[in-house]
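Take a look at the chain below.

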Amino acid sequence: MRSRSSRWSTRRRASTPRNWRHPLARTDWFDARFYADLGRTLERGGFAMMFMPDALAIPEDGTGSYATTVRTGGKGTIYLDPVVVASVVAASTSHLGIGATMSTTFLPPYAIARTMLSLDHLSGGRTAWNIVTSTTDAEARNMGMAAIPGKAERYDHADDVVRTVLDLWATWSPDALRLDGDARVFADPALVSRVPDRGGRQLSRGPITLPRRPQGRPVLMQAGASERGRTFAARWAELVFVVADSPDTMRSLRADLRERARAAGRDPDAMLVLPAVQPVVAATDDGARNRLAELESFLDETEVLTILARLLHADPATVDPDGDAVALIEAHRGATGSDGFEEMLIRASRAEDLTVRGLAFRQAMSQLKPQPTGSPATVADYLCDLVDSCAADGFAIMPALYPSSVEDFVDGVSPELRRRGRLPTTPTAGTLRDRLGLPA
């Protein structure tokens, strides 16, 4: 958002389960042109990055059934390999950053390091690794494990994996690749090393089969919201995505993460905190409110209640739509696999005094992310106020509908932000780190 960089990103899938039914929605998700078009639109709009989330299983209910998710087209029904999608976007754009998700729980560090560095080379230094530990038994079973390890074990292992990935990326010194034909030296072996022995587990010995990129290494992203997740983010992450239901919560999360980074010996300014928001934009405020109402009209009460019950591993037949949302969440703590997400659901439900029905509709529409709704100027006011009040360093824009919500933002809000000096008028040259203002 600040003038020295454009700190914007977007997920590739909408967060509204019903969006595929909308007449303006595209459903050609298996065509490379879908992602190429989206990437070019985001680049035109001054976004710093497009990032691809991932999950390794279709979400299940408390009985282990995936039927509800599949029937409704719920979040997680379809996920293409994010690195493959990132490759398509990289080939279709010139400046846009590309973030891809890879799980530390299921993938060895060498595989992560080589895949992400390969993408970084081929994109010209535009990649970011979205670090996840994964959360569900369904994912674990798909990857050959009986159950997902406990949170502490997953994060302890993630610490080792990230450290090893960074060590692998550093096994080639910056000037190791010589390509000196006269001396008949391709690369200097004295400048290529193995992973240092730090004691404890040795997850890879290296060296990796790739030299360094000019930006040094891919940007590290993370979205942990729990106590342990925030500690992990403060240690490693350069971009932190947070989901917060109010500006006050955004400010609190950002301040907490910055203080943790400082305590970990890092410069807090080398870590950018990006809250998720779902803008609804039209030419006028009234038009935007009408557009939001029209999007909400595609939600069916029975379906959204069933989806909420699936999320919380509750029996839909026993869920009272007029019951207290907080009580329902408390009765099913741990079902989502994310303590931070469940805390947010409880906090928002209390703040808005939501019934189960109200929570179901809010969750289906926006996953309780803020929804600034209005003209380009109104939405720009909201975003700029959050940055100016230290609630955010930028944003993860989560469109309600692909591609029209993205196009509405790019055609309306992006020019308004440029007019205010909040987005550069031309793309910043160089790597993703250059665009984000992050140190190499």
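How many helices and strands are there in the chain? The chain has 16 helices and twelve strands. Keep in mind that this is a predicted model.

**Overall build**

Along the principal axes, the C-alpha atoms fill a box of roughly 75 × 55 × 45 Å. A compact globule of 440 residues would have a radius of gyration near 22 Å, and the chain agrees because its own value is 22 Å.

Now the contacts. Take those between residues at least 6 apart in sequence: 75% of them join residues at least 24 apart.

**Surface and charge**

Of the 440 residues, 54% count as buried. The accessible surface comes to about 18000 Å². Carbon and sulfur atoms account for 51% of that surface. The chain carries 53 positive and 55 negative side chains. The centres of these two sets lie 5 Å apart.

**The cores**

| Core | Size | Residues, among them |
|---|---|---|
| Largest nonpolar core | 72 residues | Met50, Met116, Trp129, Val162, Trp169, Phe395, Val413 |
| Second, separate core | 31 residues | Leu311, Val319, Val326, Met365 |

The residues named for the largest core are those with the most contacts inside it. Helix α6, residues 151-169, gives this core its largest share, eight residues.

Which residues are in contact with valine 413, leaving aside its neighbours within four places in sequence? They are Val281, Pro376, Val379, Ala380, Leu383 and Asp408.

Conventions:
Residues are numbered from 1 along each chain as its sequence is written. This is a predicted model: local features need pLDDT of at least 70, side-chain atom pairs count only at pLDDT 80 or more; totals for chains, interfaces and linings use all residues. Side-chain values use heavy atoms; hydrogens and water are left out. A nonpolar core is a set of buried Ala, Val, Leu, Ile, Met, Phe, Trp, Tyr and Cys residues joined through side-chain atoms within 4.5 Å. Buried means under 20% relative accessible area, exposed over 50%, partly exposed in between (1.4 Å probe, protein chains only). Helices (H or I, at least four residues) and strands (E, at least two) are DSSP runs, numbered from the N terminus. Contact means heavy atoms within 4.5 Å. The radius of gyration is taken over C-alpha atoms; the globule rule is 2.2 Å times the number of residues to the power 0.38. Accessible areas come from the Shrake-Rupley method with a 1.4 Å probe; for residues, only the protein chains shown count as cover. Lys and Arg count as positive and Asp and Glu as negative; His and the chain ends are not counted. The place of a charge is taken as NZ of Lys, CZ of Arg, CG of Asp or CD of Glu.
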